[in-house]
Amino acid sequence: MARWVAGLDGCRGAWAGALIDLDDPARWRCARFPRVIDLLDGPEAPVCAGIDVPIGLPDRVSGGGRSADRAARAFLGAGRSSVFPVPPRAAVYAPSYDAAKALSRAASEPPFAPSIQCWNILRYVREVDDLLRAQPDLATRLHEVHPEVAFFRLNGDRRLAAGKKGPARLEGLSARRTLLIAAGLPEALVRSPPPTGVGADDHLDAMAALVVARDIFAGRAEPLPNAIERDSYGLPIVIWAPAAP
C-alpha cells in the first residue's frame with residue numbers, strides 16, 4: 001500500500017500542492033488544489049501533509065504573537081523574518097480589515113493589529129480552521145509549517161543569501177532547488193514546471209512543506225516550541241521544522 005506525504009502552500013486563491021509516495025519516490029504529483037480537502041481526500045489520501053498556514057488560534061495573544069510564532073522567530077535568529085504574529089481568533093473571523101484591527105488590539109497584550117498583508121491571507125487561515133474544527137481527526141494528518149523555517153534548517157541553520165522575489169529571484173529559487181534535492185526529493189520533481197496558476201516560489205514552498213511532512217511522519221521533525229500549546233478547540237499551536245540535514 002502506497003504511503004503518500006504532501007505539502008501545501010497558498011497561491012492566488014487556491015493551494016499549490018506537491019505529493020510523493022514514500023515507498024516509491026519516483027511517483028510524485030504536483031497540482032493546484034482549489035481547497036485543502038481536495039488534496040486530503042484526493043486519490044493519494046496522504047498520511048501526512050505540511051501546510052504553510054497558521055493552525056491553532058488563541059482567543060488572546062500576548063508577547064507579540066502565538067508561542068509558535070515567537071519560537072519560529074527565535075529559531076531564525078536576528079534579522080527580518082516573514083513569520084508574522086497571528087492575531088486572536090476573533091480578529092481572524094472579522095468582517096472587515098478595520099474590524100480585525102480593533103478586535104486584535106482588544107485581545108492582545110501588548111496590543112497589536114494585523115498588517116494588510118496578514119489580513120489578505122486570513123481567508124486561508126479561516127479555511128483550514130473551519131476544516132479542522134469540522135473534522136478534528138484531520139489534525140493528525142495536517143500540520144503547520146513555514147517555508148522560511150524549512151529552508152533555514154535545510155541550509156544548515158543559516159539564512160539564504162538571496163530571496164525568492166526581487167532582483168535576486170533567480171538565484172534564490174536556484175538555491176532553494178539545490179536544498180530540496182539535497183534533502184532527498186527527486187530532481188525531476190524539484191525541477192518540474194509549476195502547475196498552471198502556481199508561481200515558481202509557491203511551487204518550491206509546497207515542496208519544502210512536503211519535506212517537513214515527510215520528517216513529521218518519520219518522527220524526525222522538530223516542534224517549535226517544544227512544549228506544544230492548544231487553542232480552545234484543541235488544535236495544536238506549533239510550527240514544525242524539518243530534521244537537520
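**Backbone notes**

I began with A45, which sits in the loop between α1 (36-40) and β4 (48-51). For the element names I used DSSP runs, numbered from the N terminus: helices are H or I with at least four residues, strands are E with at least two.

I noted the ground rules. The model is predicted, local features need pLDDT of at least 70, side-chain atom pairs count only at pLDDT 80 or more, and totals for chains, interfaces and linings use all residues. Residues are numbered from 1 along each chain as its sequence is written, and side-chain values use heavy atoms, with hydrogens and water left out.

**Positive phi**

I looked up phi for A45 and found a positive value of about 45 degrees, although A45 is not a glycine. I checked its accessibility too: A45 is partly exposed, at a relative accessible area of 40%. Partly exposed lies between buried (under 20% relative accessible area) and exposed (over 50%), with a 1.4 Å probe and protein chains only.

I then turned to D157. D157 is not a glycine either, yet its phi is positive, about 60 degrees. I placed D157 in the loop between α6 (147-154) and α7 (169-182). D157 is partly exposed, with a relative accessible area of 37%.

**Cis peptide bonds**

Which residues does a cis peptide bond join at an omega of about -5 degrees? I found E109 and P110. P110 belongs to the loop between β6 (108-109) and α5 (116-134).

I also logged a cis bond between L224 and P225, with omega about 0 degrees. P225 is in strand β8 (residues 222-230).

I flagged these entries because most residues other than glycine have a negative phi, and most peptide bonds are trans.
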